[in-house]
Amino acid sequence: MRIVVTGGAGFIGSNFIQYMSRKYPDYELVNVDSLTYAGNLENFKDIDSLANYSFIKVDITDSEQVSQLFSQRVDAIVHFAAESHVDRSILDPGAFLKTNVMGTQVLLEAARQHGVGKFVHVSTDEVYGSLGDTGTFSENSPLASNSPYSASKASSDLLVRAYHETYGLPVNITRCSNNYGPYQFPEKLIPLMILNALEGQPLPVYGDGLNVRDWLHVEDHCAGIDLVLHQGRDGEVYNIGGNNERTNIEIVKTILNYLNKPESLIRFVEDRLGHDKRYAIDATKLRSELGWEPQYSFDTGIAQTIQWYLDNRSWWERVRSGDYREYYEKQYSSRLGDRL
Ligand code: NAD
Ligand code: TYD
């Protein structure tokens, strides 16, 4: 099996390639990524030498580059490539429409023309919008996205559906809750708070800190995608989530506690625009149809993740130089002022 993994140099994509290369040494895994600020080939220093892994620099919005990719056989595509950060989508929505919507369409078209056997589209629970204090999202919940990021992902989900309904392309859509784990870019809540805490910097908590996210370790997400890739029924959507709901402030306090840092580092800052209150996933379909079971409890997963950042200082020091600094200042200077 020759699998193209788009966005394979990002957080989840690189974890997925590592997971698959260990589990299926006979598969050929082709990492296709344009290496935006979020893509990092250093995530592969351990598997670069593996015979079954290769990297090709491709921008998925460029149909010529994408069609060249298909000059060799492609059995399946697992599509992670995206602009993925809500705060950046509030600052600049255009890039999200280009990559997430147009880029997905370019790939779908190439997949259709070349008769690709499976197209797994990796989406998010954020397409369902926000929940109140109770309830969960099922695969039948209406799409009600609130941020430019989630609207672009919902649009791409509908295109994937359309390519199945119209052209019979064998697709699946997975919608996962918030991921955490090794190699996550430190613009997202958990790594940002770990690294700020380690350096004694303020921890910027939006609003009252009571927004709730449903956290899943990235390896459990990868295992879910693997099952969908091999056994998912064509045209079906599968939710992925691990019943680990936490308020943001609980997460931040857990991290401070693990690192033995004071809660006086916490700053409640101006809220995110259109901030979704709560996400929670019902993953019954994936569990009962495909036998998926998450392996990590939140306590084990967060401890492993914090330890990974402690053990991989050179990785995150390089990631945080350059562009990251500029973004951090844009996003947090008015929120943190001279405490930045
Ligand atoms: P990420 O931002 O870490 O990685 C995205 C990758 O896509 C990067 O390597 C980047 O270089 C690449 N990319 C961006 N634009 C590209 C383009 N035009 N052409 C080729 N490559 C391009 O994101 P992530 O957190 O790993 O998320 C991966 C996917 O999973 C996304 O589709 C996201 O919507 C989805 N998802 C993420 C989460 C989460 O909690 N992080 C949860 C559910 C779903
Ligand atoms: P994030 O990791 O950006 O994921 P998402 O918005 O896709 O859920 O944010 C997770 C939660 O943490 C979200 O409610 C926003 C909040 N948050 C903060 O309070 N401060 C921060 O600096 C960041 C990045 C996020």
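1. In helix α7, the buried residues are Val 218, Asp 220, His 221, Cys 222, Ala 223, Gly 224, Ile 225, Asp 226, Leu 227, Val 228 and Leu 229, where buried means under 20% relative accessible area, with a 1.4 Å probe and protein chains only. Since 11 of the 14 residues of α7 are buried, this helix is largely enclosed by the rest of the structure. Helices here are DSSP runs of H or I with at least four residues, strands are runs of E with at least two, and both are numbered from the N terminus.

2. The coordinates are a predicted model, in which local features need pLDDT of at least 70 and side-chain atom pairs count only at pLDDT 80 or more, whereas totals for chains, interfaces and linings use all residues. Residues are numbered from 1 along each chain as its sequence is written, chains are lettered from A and ligands numbered from 1 in the order in which they are written, and side-chain values use heavy atoms, with hydrogens and water left out.

3. The length of α7, residues 218-231, agrees with expectation, because 14 residues at 1.5 Å a residue should span 20 Å and the end C-alpha atoms are 20 Å apart; the expected span is 1.5 Å times one less than the number of residues.

4. Helix α6, residues 189-198, is likewise largely enclosed by the rest of the structure, because 9 of its 10 residues are buried. Among them are Ile 190, Pro 191, Leu 192, Met 193 and Asn 196. After α6 comes Gly 200, with a positive phi near 70 degrees.

5. Which residues does Ser 152 contact, leaving aside its neighbours within four places in sequence? They are Phe 96, Leu 97, Asn 100 and Val 101, a contact being heavy atoms within 4.5 Å. Ser 152 lies in helix α5, residues 148-167, and is buried, with a relative accessible area of 0%.

6. For the protein as a whole, there are 12 helices and 12 strands. The radius of gyration, taken over C-alpha atoms, is 19 Å, close to the 20 Å that the globule rule gives for 340 residues, so the protein is as compact as a globular protein of that length; the rule is 2.2 Å times the number of residues to the power 0.38. Along its principal axes the C-alpha trace spans about 55 × 45 × 35 Å.

7. Of the 340 residues, 57% count as buried. Of the contacts with a separation of 6 or more, 82% are between residues 24 or more positions apart.

Technical notes
Buried means under 20% relative accessible area, exposed over 50%, partly exposed in between (1.4 Å probe, protein chains only).
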